[in-house]
Amino acid sequence: RDLHSFPTRRSSDLAVAANPGSFIVLHMNGAFTLDGTTPLTLSSNTAVLLNGTINVTKKISQAITDTNPASFVSISGGTIDLHGQGGITGIYFPSTKMAYIDHVTVINGGVPTTRTSGGMIQLQRGGGYNILYRNTVNESGGRCLWTQYANAHYVVMENQLSNCNMDAVDFDSSTSNSYAIGNTNLDNYRYGVFIEQSDSFNKIYGNYTTTRDIPNPPGHGIGVYNNATASGTRAVTDGNTAFANVNDVVANGLRIGSISTATGGVAESAHTFFFNNVATNDRSQGILFDTAFPGSVENYLSQTVLANNGTDLSQQNTDGAAPPEFFNPPSAINLALNRVATASSTSSGSAPVNAVDGLAFTNWKANSGLNAWLAVDLGGSVGFRRVVFKSLDPLSILQPVRIQISADGINFTDIRGVTELPGSVRTFIFPAVTARYVRVNIQSLLGFEIGLRELGVYPQ
C-alpha cells in the first residue's frame, strides 16, 4: 500500500491484525512528518520500502523501532531526517532476530562536536545475523552505527558513515562473532571501528578511516579496547582480528588497549591479531599499544604499513600486561624515520636529516675531525633494542662506533653489551632500553670519511 501521511503506524497495525501470520510490506512513498511522541513501531515479519523522507520535527526517542522481541524485520531505502535534534535514534531495534537495514540514509542527528547519547542506527540482542548494508549516516552527537550484546551477530558492510561525535561503527557490550567490512568512515571524532567492552571473535577488514577535514584530528582508526567501569573483573576483550584496513590522518591509526576507570576494576584485551593494516599521516601514533593487567597477552601485529606518523609506535603496557608481539616478518618499524636529527658538524651538500629520511641516495657527512656524532630525537620516550645504519664507505666498518642514549638530549650514556654484526649495513643489538634520544659516535680511522646514508632505530 502507498501511505501518504503518518497514520502509517496505525495502518501497519491494522494490516497485521487483518492478516495474521502474513508478511507485511509497507510501501511508504512521499514525505512524512513525525511530530508526536510515538515512533513508527514495526511488528515481526514486516518490510518497509521507504521511497521518500521521514521528517522528525519533535523530540522523540526513536523515529522507527519494532516490538520487543521481533523477528524478520527490514527497512530499505529512503531518508530519516532528524532535523538537528541530538539524542534521537533514527532506527532502534531492541531485540530483533534477523533484521535487515539497507540503503537507508539517516541525517542531522545533532552537532558532531557536542556529544549526546545513543546512535543513529542502534541494534541490540535479538538473534541470528542482523545485516546493515550500504546505509548512509551523517551528523550525530552520538554514534553512527551501534551494536550491543552477544545474542545476535552483526554484518556491517559498505556503509558510508560521517561526522559522528563518537564512532562510525561501535561493536559494544560483548558484541561477538560479527563483521565490519568495507565501511567508509569520514571525520568521526572517536573511532572508525571500535571493538570494545568484552567483545570477542569479531573480524574487521577493508575499512577506510580518516579525519582529514577536522583540525588537529582526534580519534582512532581501528581500536580494540576494554574498560572496567566498575570494580571487579570485566570479561576479556578477546580474539578479535583486524586486517587490510586503511587509517589516514587520525590521532592513532591502530590501537590495542585496556584500562580501569573504577577503583578495583580489571579490564584486559587479549589474543588480538592485527595484520596488513595501513596507518599513515597520523598526528600521534601509527600504533598505540596501551594494555593493562596480566590477562592482556598474545596481542599480535604483523606487516603494518607506517609512514609520516607523529610516532610509528607507542608502547605503554602496564600492570603486568604483556608487550605486543611483532612477527612475520619481525617489526620493520623505524622509530627514527623522519625524526629531528642533529650532528656535531655537517659538510656542504649534506644534512643530518638525510640520515633519517628513508632514502639511501642521500646522506649526512661530518665536516672534519677524527670524531663526529649524529643524534636523533625519537619524539618521546620509547623502547628499542636495535640500531642499524649504513655508512658512506663500505670499508668504514673498521671505524669504532659507540651507541649512546639520553632522556633529555644533553646527558648521554653508552649502551653496554652492544654486539656489532659484520657487513656494509652495521647492526647493533642490545638488551631493550627506553630513551628519547639516540646518538651514534663514530671515530675515524685510516682516513675514511665519517658519515651515514641511513640510520634506523627499531623496537625489535
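**Strands, core, charges and spaces**

A31 stands opposite T53 in β3. The structure is a predicted model, in which local features need pLDDT of at least 70 and side-chain atom pairs count only at pLDDT 80 or more, while totals for chains, interfaces and linings use all residues. Residues are numbered from 1 along each chain as its sequence is written, and side-chain values use heavy atoms, with hydrogens and water left out.

Strands here are DSSP runs of E with at least two residues, numbered from the N terminus (helices are runs of H or I with at least four). Two strands pair if DSSP finds at least two bridges between them. Strand β1 (residues 24–34) and strand β3 (residues 46–56) run parallel and are joined by eleven bridges. β3 also pairs in the parallel sense with strand β5 (residues 70–76), over four bridges, and A47 stands opposite S74 in β5. Three bridges, again in the parallel sense, pair β3 with strand β6 (residues 79–81). There, N55 has D81 in β6 as its bridge partner. In a regular strand the side chains alternate between the two faces of the sheet.

Next comes the nonpolar interior. In soluble globular proteins, nonpolar side chains tend to be buried together. Buried means under 20% relative accessible area, exposed means over 50%, and partly exposed lies in between (1.4 Å probe, protein chains only). A nonpolar core is a set of buried Ala, Val, Leu, Ile, Met, Phe, Trp, Tyr and Cys residues joined through side-chain atoms within 4.5 Å. The largest such core has 89 residues, and V56, I80, I91, I121, L378 and F384 are those with the most contacts inside it. β39 contributes the largest share of this core, eight residues. Contact means heavy atoms within 4.5 Å. Leaving aside residues up to four places away in sequence, I91 touches I64, I75, I80, I101, V104, M120, I121 and Q122.

Side chains of opposite charge can pair when their charged atoms come close. A salt bridge is counted when a side-chain nitrogen of Lys or Arg lies within 4 Å of a carboxyl oxygen of Asp or Glu. By this rule there are eight salt bridges. One of them joins the side chains of R143 and D170, at 2.6 Å from N to O. This pair links distant parts of the chain, with R143 in strand β13 (residues 143–148) and D170 in strand β16 (residues 167–172), 27 residues apart. R143 and D170 are both buried.

D170 also meets R190 in a salt bridge, at 3.6 Å from N to O. That pair too links distant parts of the chain: D170 is in strand β16, R190 is in the loop between β18 (184–186) and β19 (191–195), and they are 20 residues apart. D170 and R190 are both buried. R143, D167, D170 and R190 are linked in a network of salt bridges.

A further salt bridge is formed by the side chains of D377 and R436, at 2.8 Å from N to O. Because D377 lies in strand β39 (residues 371–391) and R436 in strand β43 (residues 425–443), the pair ties together parts that are 59 residues apart in sequence. D377 counts as buried because its relative accessibility is 15%, whereas R436, at 31%, counts as partly exposed.

What remains is the space between the atoms. On a 1 Å grid over the protein atoms alone, a cavity is a set of points where a 1.4 Å probe fits but cannot get out, and a pocket is an open set with protein on both sides within 12 Å along at least five of seven lines; lining residues have an atom within 4 Å of a point. Grid points are joined across faces, edges and corners, and a volume is the space filled by probe spheres set on the points. The largest pocket has a volume of about 230 Å³. Its lining has 15 residues, of which Q315, V382, G383, F384 and P459 lie nearest its centre. The elements giving two or more residues to this lining are β35 (311–315), β39 and β43, and β39 gives the most, with five residues.

There is one cavity of 30 Å³ or more. About 70 Å³ of space lies in the largest cavity, and the residues lining the largest cavity include A307, D312, N334 and R339.
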